[in-house]
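Here's a quick briefing for anyone opening this structure for the very first time.

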Amino acid sequence: MKYFFVLLGCFASCAMATAQEVWSVDRCMAYAVENNNTVKQRELDVKNYRMDKLEAIGNFLPYVGVSTGFNMGFGRSIDPQTNTYVNNTNLNVSYGVSASLPIFQGGSLIIAAKKANAALLLGKAALEEAEDNVAMETFDAYIQALYAYGSVQLARRTLADSDTLLMKTRREEELGLKSYADLVQSEAQRAQDEYNLTTQENAYETAMLDLRQKMNYPDDEPLMLDTAMLTDPYLTMRIDDFADTHDAVYAAALENNPTLKQLSLNMKIAKLNKNSVWHLLMPSIGVSGGVSSAYFADLNVGTNAMPQFAQMAKDNFGSSFGVSFSLPAIIGFNGFTNINQIRRAKNTYRAAQYQYEDNVRNMQKIIRQAVNDRKGAYLEMVQLEKLVEANRLAYSTVRREYEEGLKSSLDLRQSAATLLNSEMSLMQSRLKYVLKCRTVDYYKGGEIIRE
């Protein structure tokens with residue numbers, strides 16, 4: 001009965017582990033992007049840029065204003081009808097509507113609208129860059145957590161092998177088939193493997209904390225990683241499948257990379273600023289007009305003697321229309337100031353060009369390095385697979401010879417350590433290859449988050 005409950009508990013634990021939700025790397029990246037505060041700030045920036053664009057478009061429309069005034073006077077005042085001083089209580093109400101429309105401002109309105117549109121595109125590119133950065137940081141943290149998890153599994157397997165070998169060596173030492181020195185070496189190996197397991201478990205906890213921090217994921221919620229990447233990272237690909245060259249990836253990045261988009265838009269805005277400052281030397285033309293009226297009444301004469309509102313509004317009705325023309329000074333202090341602003345705008349545009357060219361060259365180097373790293377990671381993974389197989393065969397041979405008394409415990413310990421190191425290197429190489437493939441695909445214009 002006791003064993004029945006133990007077995008039932010094992011089945012329940014397995015069922016709970018199976019039912020626990022598995023988080024793929026794409027799901028973790030999507031969660032991180034959705035909950036990242038920097039991304040949320042960039043989204044608000046985009047909304048502000050969109051409102052700025054609407055304001056720039058609205059500057060082409062006429063300005064319309066409505067004004068009204070209400071005034072009551074007590075005591076000595078001027079009668080607006082006779083223009084003489086009187087001592088009474090009066091009511092004065094004025095109202096009007098005015099409008100103005102710019103006709104020509106040196107093209108500044110058109111350029112301002114283009115700048116607002118470029119700023120909106122710049123904000124969208126900054127948002128895209130923030131999302132990509134958060135996703136790539138989460139991807140890297142996920143890779144590190146997977147590596148730590150795999151290291152724990154290898155350490156547990158090694159410790160289990162050490163336990164089995166220690167039990168066997170202890171039994172053989174009791175039977176006189178092994179020396180006491182062999183038993184001590186086996187115990188030392190077992191202690192070393194247990195220490196290594198503790199170290200790897202601590203590293204795994206640290207990696208998971210870093211991943212949770214990148215994702216902004218609650219600490220009290222379970223997070224189970226998808227370990228399929230440890231065994232099947234693009235294994236169907238071979239070196240011949242890497243048909244894309246450095247130049248092809250670089251050409252795609254010029255069109256799709258958000259960092260280069262921002263630099264290109266900054267250069268465009270700087271050019272628009274350079275063009276817009278010329279309006280400082282051009283005339284401005286505008287038209288304006290309005291209508292107004294007023295109502296005045298002496299409150300001392302009584303309600304019946306007060307003038308009719310409609311008749312007085314008609315009598316006091318007035319309208320206006322005007323054309324404004326202004327020409328900036330070319331000579332003098334203001335003229336020098338305007339000329340200096342033009343020169344500054346030209347210098348800012350040149351600086352933006354230089355910055356764009358430098359970043360383009362740097363991006364070309366980064367892409368070339370990424371393509372080379374992907375190829376190198378694949379070749380490294382292939383060689384490590386062969387090395388692991390050779391080390392497994394060597395360890396199996398050394399262990400068999402140790403059991404037959406042909407090898408010492410030190411030989412077995414060294415062979416086990418060599419196998420463990422090669423397996424960890426292979427696991428690291430697999431994950432590195434996955435990361436490099438995703439990085440190159442990103443520069444080619446592919447989505448980082450694929451789910």
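A residue is called buried when its relative accessible area is under 20% and exposed when that area is over 50%, with partly exposed in between. Keep that in mind as you go, and note that this is a predicted model.

**Aromatic pairs**

- How many aromatic pairs turn up in a search of the whole structure? There are six of them.
- Take Y149 and Y204: their ring centres are 6.0 Å apart and the planes meet at 55°. Planes under 30 degrees apart would count as stacked and those over 60 as edge-to-face, with the rest tilted, so this pair is tilted.
- That pair ties together distant parts of the chain, since Y149 is in helix α4 (residues 108-175) and Y204 is in helix α5 (residues 180-215), 55 residues apart.
- Are the two partners buried or exposed? Y149 has a relative accessible area of 28%, so it's partly exposed, while Y204, at 18%, is buried.
- Y442 and Y443 form another tilted pair, with ring centres 5.5 Å apart and planes at 45°.
- Y442 has a relative accessible area of 16%, so it counts as buried. Y443 comes in at 13%, which is under the 20% cut-off, so Y443 is buried too.
- W23, Y31 and Y217 are joined into a cluster by ring pairs.

**Charges over rings**

**The largest pocket**

- The largest pocket holds about 300 Å³ of space.
- Sorted by class, the lining has six charged, five nonpolar and four polar residues.

- You'll find E385 in helix α9.
- E385 has a relative accessible area of 28%, which makes it partly exposed.
- Its side chain makes a polar contact with the side chain of R430, at 3.3 Å.
- E385 and E423 are 38 residues apart in sequence, and their C-alpha atoms are 8.5 Å apart in space.

**V323 on a strand**

- V323 belongs to strand β6 (residues 318-326).
- Is V323 buried or exposed? Its relative accessible area is 59%, so V323 is exposed.
- From C-alpha to C-alpha, V323 and G286 are 5.8 Å apart, though 37 residues separate them in sequence.

**N257 in a loop**

- N257 sits in the loop between α6 (246-256) and α7 (258-276).
- With a relative accessible area of 6%, N257 is buried.
- What does the side chain of N257 reach? The backbone nitrogen of L260, at 3.2 Å.

Definitions and conventions
Residues are numbered from 1 along each chain as its sequence is written. This is a predicted model: local features need pLDDT of at least 70, side-chain atom pairs count only at pLDDT 80 or more; totals for chains, interfaces and linings use all residues. Side-chain values use heavy atoms; hydrogens and water are left out. Rings of Phe, Tyr and Trp (its six-membered ring) pair if their centres lie within 6.5 Å; planes under 30 degrees apart count as stacked, over 60 as edge-to-face and the rest as tilted. Helices (H or I, at least four residues) and strands (E, at least two) are DSSP runs, numbered from the N terminus. Buried means under 20% relative accessible area, exposed over 50%, partly exposed in between (1.4 Å probe, protein chains only). On a 1 Å grid over the protein atoms alone, a cavity is a set of points where a 1.4 Å probe fits but cannot get out, and a pocket is an open set with protein on both sides within 12 Å along at least five of seven lines; lining residues have an atom within 4 Å of a point. Grid points are joined across faces, edges and corners, and a volume is the space filled by probe spheres set on the points. Ala, Val, Leu, Ile, Met, Phe, Trp, Tyr, Cys and Pro count as nonpolar, Asp, Glu, Lys and Arg as charged, and the others, Gly among them, as polar. A polar contact is a pair of N or O atoms within 3.5 Å; within protein, one must be able to donate a hydrogen and the other to accept it, and residues adjacent in sequence count only if both atoms are side-chain atoms.
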